[in-house]
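Dear colleague,

Please find below the structure that I am handing over to you.

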Amino acid sequence: MAFKFRDNAVNLDFDGKEFTLDPFDNDTLTKIEEVGLKANEISESLKDKPAQEQLTEMMDFMCESIDSILGKGAIKDIFGKRKIRFCDLLDIFSYIAEEMKKGRDTIVDRYSPERLKK
């Protein structure tokens, strides 16, 4: 029997627009970490700004972050002609985080010492 590499990618489907991420890829994990750090910075810098300005800047940051993680133009592909809304952006971040966690958990479970007991 020949060895075959597994496809460990996480497949993300945004209403028919598909993207893949490797849950253990250093570049992807670095981008996600950078987004988290920058989110904290932006959150602090927006505290004293008017609500509309806060929303606009946060949405711009979120769009840039999604493009950084999924690839340039991802926001345009995902939304198409649909209006970009704040709650949709939050849902996208949640979806990416959940799917990445599931992907990591699946891979880790595959090599868990517990599986040897079965």
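I begin with T28, which lies in helix α1. Please bear in mind throughout that this is a predicted model. With a relative accessibility of 9%, T28 counts as buried, because the cut-off for a buried residue is under 20% relative accessible area. When neighbours within four places in sequence are left aside, T28 is in contact with L21, D22 and M100.

Helix α1 holds two further residues that I examined. L29 is found in this helix, and with a relative accessible area of 30% L29 is partly exposed. Not counting residues up to four places away in sequence, L29 touches P23, F24 and R104. The C-alpha atoms of L29 and K47 are separated by 28 Å, and these two residues are 18 apart along the chain.

I42 is also found in helix α1. Its relative accessibility is 14%, and I42 therefore counts as buried. The residues that I42 touches, not counting those up to four places away in sequence, are M58 and F61.

In helix α2 I looked at E64. E64 has a relative accessible area of 52% and is exposed, since the term applies over 50%. The C-alpha atoms of E64 and V35 are separated by 9.4 Å, while the two residues are 29 apart along the chain.

Two aspartates deserve a separate paragraph. Is D88 buried or exposed? D88 is buried, with a relative accessible area of 12%. This residue is found in helix α4, and its contacts, leaving aside neighbours within four places in sequence, are with F79, R82 and K83. D15, on the other hand, lies in the loop between β1 and β2. At 79% relative accessibility, D15 counts as exposed. The phi angle of D15 is near 50°, a positive value in a residue other than glycine.

In soluble globular proteins, nonpolar side chains tend to be buried together. In this model the largest nonpolar core has 24 residues, and those with the most contacts inside it are L12, F14, L70, I78, L89 and I96. Two or more residues of this core come from each of β1 (10-14), β2 (17-21), α1 (26-46), α2 (51-70), α3 (74-79) and α4 (86-110). Which element gives the largest share of this core? That element is α2, with 8 residues.

Leaving aside its neighbours within four places in sequence, L89 is in contact with M59, M62, C63, I66, I75, F79 and I84. F79 is also among the contacts of D88.

Finally, I describe the protein as a whole. There are 4 helices and 2 strands, and from the N terminus on the elements run β-β-α-α-α-α. The C-alpha trace spans about 60 × 30 × 25 Å along its principal axes. The radius of gyration is 17 Å, whereas a compact globule of 118 residues would have a value near 13 Å.

Of the 118 residues in the protein, 27% are buried. Among contacts with a separation of 6 or more, 58% are between residues 24 or more positions apart. The accessible surface comes to about 8800 Å², and carbon and sulfur atoms account for 52% of that surface. As for charge, the protein has 20 positive and 25 negative side chains, and the centres of the two sets lie 5 Å apart.

Yours sincerely

Notes
Residues numbered from 1 in each chain as written. Predicted model: local features only at pLDDT ≥ 70, side-chain atom pairs only at ≥ 80, totals over all residues. Heavy atoms only, no water. Core = buried A, V, L, I, M, F, W, Y, C linked by side-chain atoms within 4.5 Å. Buried < 20%, exposed > 50% of the residue type's maximum accessible area, 1.4 Å probe, protein only. Contact = heavy atoms within 4.5 Å. Rg over C-alpha atoms; globule rule 2.2 N^0.38 Å. Areas by Shrake-Rupley, 256 points an atom, 1.4 Å probe, with all protein chains shown as cover. Lys, Arg positive; Asp, Glu negative; His and termini not counted. Charge placed at Lys NZ, Arg CZ, Asp CG, Glu CD.
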